[in-house]
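Have the sequence and the model open side by side, and let us walk through them together. We will go from ring pairs to domains and chains, and then to charged side chains.

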There are 2 protein chains.
Amino acid sequence: MKNVKEYIEEHKDRFINELIELLKIPSISADSAYKKDTMEAAEAVRKTLELAGAENTELCPTNGYPVVYGEKVINPSLPTILVYGHYDVQPADPIELWDSPPFEPVIKDGKIYARGAADDKGQMYMHVKALEMMVKTNQLPCNVKFIIEGEEEVGSVNLGAFIKENKDRLKADIILISDTSMLSMEHPSITTGLKGLSYLEVEVTGPNRDLHSGVYGGAVANPINILSKMIASLTDENNRITIPGFYDKVEEVSAEERAEMAKTPFDLEDYKDHLKIKDIHGEKGYSTIERTSIRPTLDVNGIWGGYIGEGAKTVLPSKAYAKISMRLVPHQSSEEITALFKNHFESIAPDSVKVVVKPHHGGEPYVTPIDIPAYQAAAKAIETTFGKPSIPVRAGGSIPIVALFEKELGLKSILLGFGLNSDAIHSPNEHYGIFNFLKGIETIPYFFENFSQLKD
Amino acid sequence: MKNVKEYIEEHKDRFINELIELLKIPSISADSAYKKDTMEAAEAVRKTLELAGAENTELCPTNGYPVVYGEKVINPSLPTILVYGHYDVQPADPIELWDSPPFEPVIKDGKIYARGAADDKGQMYMHVKALEMMVKTNQLPCNVKFIIEGEEEVGSVNLGAFIKENKDRLKADIILISDTSMLSMEHPSITTGLKGLSYLEVEVTGPNRDLHSGVYGGAVANPINILSKMIASLTDENNRITIPGFYDKVEEVSAEERAEMAKTPFDLEDYKDHLKIKDIHGEKGYSTIERTSIRPTLDVNGIWGGYIGEGAKTVLPSKAYAKISMRLVPHQSSEEITALFKNHFESIAPDSVKVVVKPHHGGEPYVTPIDIPAYQAAAKAIETTFGKPSIPVRAGGSIPIVALFEKELGLKSILLGFGLNSDAIHSPNEHYGIFNFLKGIETIPYFFENFSQLKD
């Protein structure tokens with residue numbers, strides 16, 4: 001690869017402005033009020049691919065939002081890289097906690113602030129600009145295909161069908177994804193594992209109507225009190241999850257590998273200070289890095305019931321609800337864990353209440369072995385552009401379709417993300433560093449070059 | 001008393017229509033959006049008192065809503081009954097669960113359906129009509145004074161000051177209140193005890209912002225998980241409250257009195273069937289009646305935190321909240337219990353979170369001895385109008401100002417309510433039986449007669 005940094009230096013302002021235009025579109029897939037905007041984002045992405053030099057670009061229909069497709073096939077005998085990303089974004093609430101409107105991007109301290117800046121538009125767009133660079137300078141070393149979907153934030157529910165129906169079109173040798181973080185720009189890393197996900201919604205019903213808590217309190221089960229007990233019982237005093245069978249298939253990582261992981265740079269005081277917490281909290285016997293990478297976890301993502309407005313109301317409510325999710329590690333199965341949770345939760349409910357458990361979308365855990373050519377191609381690319389070797393890191397987040405890709409297309413994914421944990425994805429004031437954005441555009445062509453050489 | 005039933009029969013349609021007009025006014029004291037309506041209700045009540053024959057009616061200003069005052073003093077040497085009631089009502093939400101709009105009263109199956117029908121406008125208005133009857137037929141046997149406040153549903157926060165400043169004007173021999181229920185119209189009862197109330201709001205904070213539950217889950221305390229554990233720990237496996245010192249001052253009711261209470265008519269299957277629950281739930285070693293009358297209780301009235309909208313969001317939230325209240329029995333002190341709760345809750349919070357506990361209004365427990373003349377006057381009145389003796393019952397609800405009356409005015413209260421537990425007060429579709437309304441108007445004059453004779 002020649003003149004990569006020069007090309008980026010010459011065009012970076014345009015790159016940033018184009019990304020800002022994409023970020024203005026509120027493509028919130030979870031909320032049907034943003035249907036038109038999400039469709040607009042799909043077409044906008046297709047157009048950028050076309051302008052970057054991709055061919056056969058189209059919006060492929062699904063039962064939900066379309067998959068944006070594009071390709072540049074220069075020689076069928078060369079390797080093919082399949083790039084995946086998504087154009088939909090998380091909801092922005094609570095809006096009042098944003099310092100600037102989530103869909104009016106601003107640049108502050110070298111970072112672009114907007115919902116979707118890091119997850120995933122900023123990262124996805126690095127690949128579009130890398131394609132442009134390689135095509136315009138006639139340096140594209142292998143074939144490339146793009147699938148950019150619009151439902152990642154709601155579980156990619158229609159992607160499986162799309163993949164099954166397009167196996168021929170999607171034939172490739174590796175999948176490349178930028179939707180994860182690095183440890184830091186001083187310690188570049190490649191994500192070698194993703195947690196799985198099991199997500200359920202529970203509803204606990206006590207009496208068939210809201211009651212006066214004086215007349216009935218203490219005599220009739222309060223579904224909020226009961227739900228609290230049930231949630232509390234899901235973890236023990238060592239913060240281990242108590243669902244029977246939950247840990248049966250968990251891969252116990254070897255002492256050697258844990259020793260390697262322990263070398264990952266991590267400053268506990270910094271970590272606590274950033275979050276303004278006095279103490280961390282997790283499964284006994286494991287470090288923070290281990291808890292977020294190789295151990296399964298359980299979180300209540302939302303809870304509500306009774307009177308939550310201003311002032312006091314002495315009600316014994318009829319219902320209480322919670323959204324509960326578990327992050328899974330190899331070799332747990334999302335479907336099995338979801339069933340285990342449902343059965344267990346229903347079984348621990350006392351007779352004084354009724355419980356309904358509704359599963360949401362899930363996803364399987366995933367691992368990239370570090371000895372495959374594609375991983376080595378990525379590691380070499382990072383060494384070139386960062387001037388130091390990368391560190392393999394198993395992440396806490398989930399990208400459910402990665403396991404789906406392996407199952408349906410037989411392909412591993414290289415998780416080459418340039419974000420940072422401080423990007424506040426899924427939170428107010430999400431942002432993406434311009435340095436990270438440009439460094440990704442610089443690194444990706446070297447991955448293409450290395451992969452086309454290593455892969456035979 | 002003569003021709004009581006005849007008077008009621010002749011004027012009952014007008015009585016009901018007047019009550020309906022009062023019920024149309026959305027006098028929601030908890031919500032400042034209804035300020036004008038609540039003031040309108042105050043004036044409407046004053047007007048009805050004036051028309052019923054009361055003198056010196058006025059809206060007495062307070063730091064909040066006014067106290068409506070009225071009196072008929074026929075002879076200073078006669079006993080004086082002080083009637084208390086309230087013209088404010090509970091909020092009506094959730095509105096979608098009402099079969100008819102909460103402030104558009106309808107009559108169905110002999111019941112008036114509206115917010116405030118039983119709590120407290122329907123019951124308060126019985127006294128206005130009883131006054132009318134006695135004045136118009138020249139049968140008022142003693143003096144009467146009315147104080148009808150507008151803040152009972154928000155803790156009567158300004159009533160204490162009003163009472164202190166008006167001790168002379170409010171001089172009386174007994175207080176009469178209709179804001180409670182009977183066991184049934186077949187088993188009339190008089191409420192001889194009210195529980196106290198301690199109400200607090202808690203806020204648990206983990207990280208200083210919402211986090212991605214994959215990146216941070218399992219490593220950082222989730223305030224919802226922590227709050228659930230803390231709430232769960234407040235009661236043990238026997239449903240006893242675990243706050244240290246909580247039961248220290250609880251009156252242990254004698255075995256004899258418990259045996260008497262056990263004779264109260266109560267059908268457990270009916271009770272469960274009405275609420276559509278398979279099982280009741282409460283403190284081990286006590287019956288349902290005992291749990292709601294002589295035992296203190298704890299209920300979470302509201303809980304919220306994290307993402308509670310449509311669909312799934314994998315957030316580890318910054319904060320979780322709950323509204324928690326305790327019903328108290330003699331001789332627990334609301335102030336002491338509130339302090340015990342606050343100290344305990346703060347002490348059980350792990351270092352990984354911060355907890356803020358904010359007390360709301362409270363109230364002391366209260367008991368009317370059944371051997372005082374006023375109680376006997378009420379019991380005799382019920383025997384006259386119902387044709388059977390009344391049963392003394394300690395209620396689960398609280399009317400905080402009753403203990404305040406005793407403290408500031410040195411007066412006991414007779415809790416002569418004509419409601420039913422099925423009236424659904426504090427719930428959607430609140431209603432009040434026309435039979436109950438008219439029976440109350442019939443019974444009150446006999447109480448006046450008996451009291452003026454018994455009290456020397």
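A residue is called buried here when its relative accessible area is under 20%, exposed when that area is over 50%, and partly exposed in between (1.4 Å probe, protein chains only). This is a predicted model, in which local features need pLDDT of at least 70 and side-chain atom pairs count only at pLDDT 80 or more, while totals for chains, interfaces and linings use all residues. Residues are numbered from 1 along each chain as its sequence is written, chains are lettered from A and ligands numbered from 1 in the order in which they are written, and side-chain values use heavy atoms, with hydrogens and water left out.

Let us begin with the aromatic rings. Rings of Phe, Tyr and Trp (its six-membered ring) pair if their centres lie within 6.5 Å; planes under 30 degrees apart count as stacked, over 60 as edge-to-face and the rest as tilted. Over all chains, the count is 22 aromatic pairs. In one of them, B:Tyr7 and B:Phe15 have ring centres 6.4 Å apart and planes at 35 degrees, so this pair is tilted. B:Tyr7 is buried at 11% relative accessible area, and B:Phe15 is buried at 0%. Now turn to B:Tyr84 and B:Phe405, an edge-to-face pair with 5.5 Å centre to centre and 70 degrees between the planes. This pair links distant parts of the chain, 321 residues apart: B:Tyr84 belongs to strand 3 (residues 80–86) of chain B and B:Phe405 to helix 11 (residues 401–409) of chain B. Helices (H or I, at least four residues) and strands (E, at least two) are DSSP runs, numbered from the N terminus. Both B:Tyr84 and B:Phe405 are buried. Ring pairs also join A:Tyr216, B:Phe266 and B:Tyr271 into a cluster.

Next, step back to the domains and chains. An automatic or database domain assignment gives chain A domain 1 (4–194 + 365–454) and domain 2 (196–250 + 296–363). The C-alpha centres of these two domains of chain A lie 35 Å apart. Between them they bury about 720 Å², 64% of it on carbon and sulfur atoms; buried area is the accessible area (1.4 Å probe) that two parts lose on being put together, summed over both. Between chain A and chain B, the buried area is about 7,300 Å², with 52% from carbon and sulfur atoms. Contact means heavy atoms within 4.5 Å, and 86 residues of chain A are in contact with 85 residues of chain B.

What about charged side chains? Side chains of opposite charge can pair when their charged atoms come close. A salt bridge here is a side-chain nitrogen of Lys or Arg within 4 Å of a carboxyl oxygen of Asp or Glu. A:Arg295 and A:Glu283 meet in a salt bridge (2.8 Å, N to O). A:Arg295 is buried at 2% relative accessible area, and A:Glu283 is buried at 5%. In chain B, B:Glu283 and B:Arg295 also meet in a salt bridge (2.8 Å, N to O), and both are buried. B:Glu406 and B:Lys412 form a salt bridge as well, with their closest N and O atoms 2.8 Å apart; here B:Glu406 is partly exposed at 32% and B:Lys412 is partly exposed at 23%.
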